[in-house]
Amino acid sequence: VGGYTGMVALRDFIIVRYNSDGSLDTGFDTDGKVVTAVSGVDDYLEGLAIQSDGKIIAVGYSNNDIAVVRYNTDGSLDTGFGSNGIIIQSVNTGGDYAYNVAIQEDGKIVVAGTTDNGTNIDFVLLRLNNNGSLDTGFDTDGIVTSPISAADESGRALAIQSDGKIVIAGYVWTPTGKFMVLRYKTDGSIDAGFANNGKKVDYYGSYSNHAYAVALQSDGKIVVAGSINNGTDDDFGVARYTGATQLLPTATEQWTGGGAEANNGIPLNTYYHDNL
């Protein structure tokens, strides 16, 4: 389990490992807990992934830059990765934030988040080689930014398909939040064969929607989860897309008022949701 710990003025990465019965694993560091001061300022851990060799990749941000840290299986920093186990990557001067990470079959590390270009916020993807260096075969420098619109966009989750294509989920403000899904080819270019030139934007009702998680089914369907505001408060929201990104119908609940962003005659406002 990963997150951050500390006082308001100074937070650090923290990872905790539990045994299968829920007790702390004392073989991880000495007490089951590892705290890492990535820099001398606030550090926020937002995503975790475990490599096939058991090493742990943690991503987040530090001093408004993307932070990537790799740990050995015993909780120590992997000094063969980046600079003593830590990478700090700046994309734009306005601020860069990583929220999720996934490992490709070949061991390369894909990091998703956002970057502030000084005017608005865009999706950003990084791909790292196993030693932490930027993969120049991804775009040309290992970094892909996607200025999809003039509005702010936030990439919050990613998943890698069996064919290596990368699916990113998050949201865009136009002017309220809407679910947004993008798919990239293995070289970092946007997959124009996916939805509307590589992107899918959906909103449900007239209020803000935010996607925070994505998962892939074995049949290739894409499941996106987050929050949907009903005008009073936020509910759980889950959307499932076919390979063509058409929203699947559900008997649970449907909005039938039509949507300003209907795509090829397909209403984009069918969704599952659960009031809490």
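What is the mean pLDDT of the protein chain, and what share of its residues reach 70 or more? The mean is 86, and 87% of the residues reach that mark. Keep in mind that this is a predicted model.

Stop 1: Colour by pLDDT and select residues 245–276. Here pLDDT stays under 50. The model still has 71 contacts beyond four places in sequence for this stretch. Where pLDDT is low, the predicted coordinates should not be read in detail. Hide these residues and move on.

**Stop 2: strand S14.** Select 177–184, the residues of S14. This strand is largely enclosed by the rest of the structure, because 8 of its 8 residues are buried. In a regular strand the side chains alternate between the two faces of the sheet. Check each face in turn. One side of S14 carries Gly 177, Phe 179, Val 181 and Arg 183. The other carries Lys 178, Met 180, Leu 182 and Tyr 184. Both faces are covered.

**Stop 3: the partners of S14.** S13 and S14 pair in the antiparallel sense, over 8 bridges. They form a hairpin, with 3 residues between the strands. Click Tyr 171: opposite stands Phe 179 of S14. Click Val 181 to find its bridge partner in S15, Lys 200.

**Stop 4: the largest nonpolar core.** This core has 16 residues. Select Phe 123, Leu 125, Leu 158, Ile 166, Ile 168, Met 180 and Tyr 184, which touch the most other members.

Centre on Leu 125. Leaving out residues up to four places away in sequence, Leu 125 touches Val 110, Val 111 and Ala 112, among others. Its contacts also include Phe 138, Gly 142, Ile 143 and Val 144. Ile 166, Ile 168 and Tyr 184 are on the list too.

**Stop 5: Asn 209.** Go to strand S16, residues 209–216, where Asn 209 is found. Is Asn 209 buried or exposed? Asn 209 has a relative accessible area of 0%, so it is buried. Show its side chain. A polar atom there lies 3.0 Å from the backbone oxygen of Tyr 207. Beyond four places in sequence, the contacts of Asn 209 include Tyr 171, Gly 177, Lys 178 and Phe 179. Also among them are Asp 202, Tyr 203, Tyr 204, Ser 227, Ile 228 and Asn 229.

Key: Residues numbered from 1 in each chain as written. Predicted model: local features only at pLDDT ≥ 70, side-chain atom pairs only at ≥ 80, totals over all residues. Heavy atoms only, no water. Helix = DSSP H or I, 4+ residues; strand = E, 2+ residues; numbered from the N terminus. Buried < 20%, exposed > 50% of the residue type's maximum accessible area, 1.4 Å probe, protein only. Polar contact = N/O pair within 3.5 Å; in protein donor to acceptor, adjacent residues only side chain to side chain. Contact = heavy atoms within 4.5 Å. Core = buried A, V, L, I, M, F, W, Y, C linked by side-chain atoms within 4.5 Å. Pairing = 2+ DSSP bridges. pLDDT = per-residue confidence, 0-100.
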